[in-house]
Amino acid sequence: GLDMPSAMKSAFHHYAELFLAMDDPYLRARHEDIRHLGNRLYGTWSGSRNNGRQELPDGPLVLVGGEVSVSDIAAVPRERLAAIACVRGSALSHTAVLANALGIPSVMGLGEVRGLRDGESVLVDGDTGRVFPDPDPALLATYRENAANEEALQGRLQELRNEPALTRDGERVLLYANSGLLSDISPGLVSGAEGLGLYRTEIPFMLGDTFPSEEEQFEIYRQVCEAYRDKPVHMRILDIGGDKPLPYFPLVEENPALGWRGIRFCLDNASLLMTQVRAMLRAGAGTGNLRVLLPMVSSTGELQRFHALLDDALAQLAAEDIVVNRPEVGIMVEVPAAISQLAQWRGYIDFVSIGSNDLGQYLVAADRNNPRVSEVCDRLHPAVLREIERIIVTARELNLPASLCGEMSSDPAAVVLLLGMGLRCMSLSAARLPMIKWLVRAARADDAAALWASAKTLPDAAGIRHTTAEYLAGLNLAGLPFET
């Protein structure tokens, strides 16, 4: 009695609800697969899966908009995406973080851009945060020369690809890459990454029109684990909310940064988490390099509930004769409440990863996506640096491996201070990894420790940055564009 599309939707909804009502957690989680199949079939029948695609013009492209989404970025071939410019956001917005991971210049918080029309030439300067609509030939020539010099510099840095990040006084530093798209896996290996310090699993979720099935996730995660077969891969469970929305699962909250995100969302949607954990465990089978990373942890109960779900997933796979290993489990230290509880959590976690982007905004109560207060959210804010040192010291006392995977790892000024605090593992964008390796090899750990001892007495970020800039200048690394 219904028209065809209505009947189709009704049928898939009916069977999805049947699965959702089942007692077995694995079968219950399959309701997502039914809905996914239904959405794809309906989209194929209606043609809507292709109708929204804009025909891309030839040549290099710059994406400009109020906000540029992950799906916008993924729709453009990596080799053709030249730059990104957003009217809103800040340098710590998720779009900027992803652009940095891909090695793409980006400018955030532009405000209104006058004289810019679709299809016209535009020049984007990611270093100074400026955008030039319809640039004149002289300006283009200057920037093309700068780009050629940058390319030559990168060639010099690539000579260090197979060299260890070893300070001049013999301290070994592990440099991992951050990733999220399959297209940015290879650049990390090319740059000499010693593993994946952060694989953002939410990005494949953000690219689809519904939650990906277990098989779809397994195929993606398997490629990641295989690519880094002899190196550790730290996969973060789904971390949505804030500036990382899912187009098919909108979350409307008055204060999303303090809302339903990270481990909170996952534990409240246990079937989704079970599907993802099963896919991760299967993907890591045979490689032995999978590490599971939990975001936004703030209580012991969250860790207990996750381990119970992990036990269930392992039991399910064993009953299905699928051989997997129990992975190491760690947390992102990004909620300040986690810092004082690390000692209590030693029995639940195998490592810690400092998420400096979120940790910074929570410590100084400044939204990192809001350009009006972005200056408050300075990486070198004294409170942020002192709390990071506290985490590093606590982790060392607990014999917990510690790393940092925020944007601080790409900032030379922050890196020398982290070295001085005793941090010996950092995860950063593949594009910045060669430069940071050069810096580590040029520095001395004992000098960095003395620099941090001096910097921690200073009252503000400006003073700390000035002192650190003097140290970097003294290294005399000719040709390296260290930001000051």
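Predicted model: local features only at pLDDT ≥ 70, side-chain atom pairs only at ≥ 80, totals over all residues.

Student: What is the volume of the largest cavity, and which residues are closest to its centre?

Tutor: The largest cavity has a volume of about 150 Å³. It is lined by 16 residues, and those closest to its centre are Arg200, Arg236, Asn357, Asp358 and Arg368.

Student: Which element supplies the largest share of the lining of the largest cavity?

Tutor: At least two lining residues come from each of helix H6 (94–102), strand S8 (196–200) and helix H14 (356–364). The largest share is three residues, and the element that supplies it is H14.

Student: How many residues of that lining are charged?

Tutor: Asp, Glu, Lys and Arg count as charged. By class, the lining of the largest cavity includes four nonpolar and five polar residues, while the number of charged residues is seven.

Student: Which strands stand at the edges of the open sheet of three strands?

Tutor: The strand order in this open sheet is S1-S2-S3, with parallel pairing. Strand S1 (61–65) and strand S3 (106–107) each have a single partner strand, so one side of each has no neighbour in the sheet; the edge strands are therefore S1 and S3.

Student: Which residue of S2 is the bridge partner of Leu63?

Tutor: S1 pairs with strand S2 (residues 81–86) in the parallel sense, over five bridges. In S2, the partner of Leu63 is Ile84.

Student: Is Leu98 buried or exposed?

Tutor: Leu98 lies in helix H6. Leaving aside residues up to four places away in sequence, Leu98 touches Val70, Ile73, Leu181 and Ile203. Buried means under 20% relative accessible area. The value for Leu98 is 1%, so this residue is buried.

Student: What separates the C-alpha atoms of Leu428 and Val97?

Tutor: Leu428 is in strand S14 (residues 425–428) and is buried, with a relative accessible area of 0%. Among the residues that Leu428 touches, not counting those up to four places away in sequence, are Leu175, Tyr176, Ser409 and Ile436. Leu428 and Val97 are 331 residues apart along the chain, and the separation of their C-alpha atoms is 10.0 Å.

Note on methods
Residues numbered from 1 in each chain as written. Heavy atoms only, no water. 1 Å grid on protein atoms, 1.4 Å probe; cavity = no way out; pocket = protein on both sides within 12 Å on 5 of 7 lines; lining within 4 Å. Points joined across faces, edges and corners; volume = space filled by probe spheres on them. Helix = DSSP H or I, 4+ residues; strand = E, 2+ residues; numbered from the N terminus. Pairing = 2+ DSSP bridges. Buried < 20%, exposed > 50% of the residue type's maximum accessible area, 1.4 Å probe, protein only. Contact = heavy atoms within 4.5 Å.
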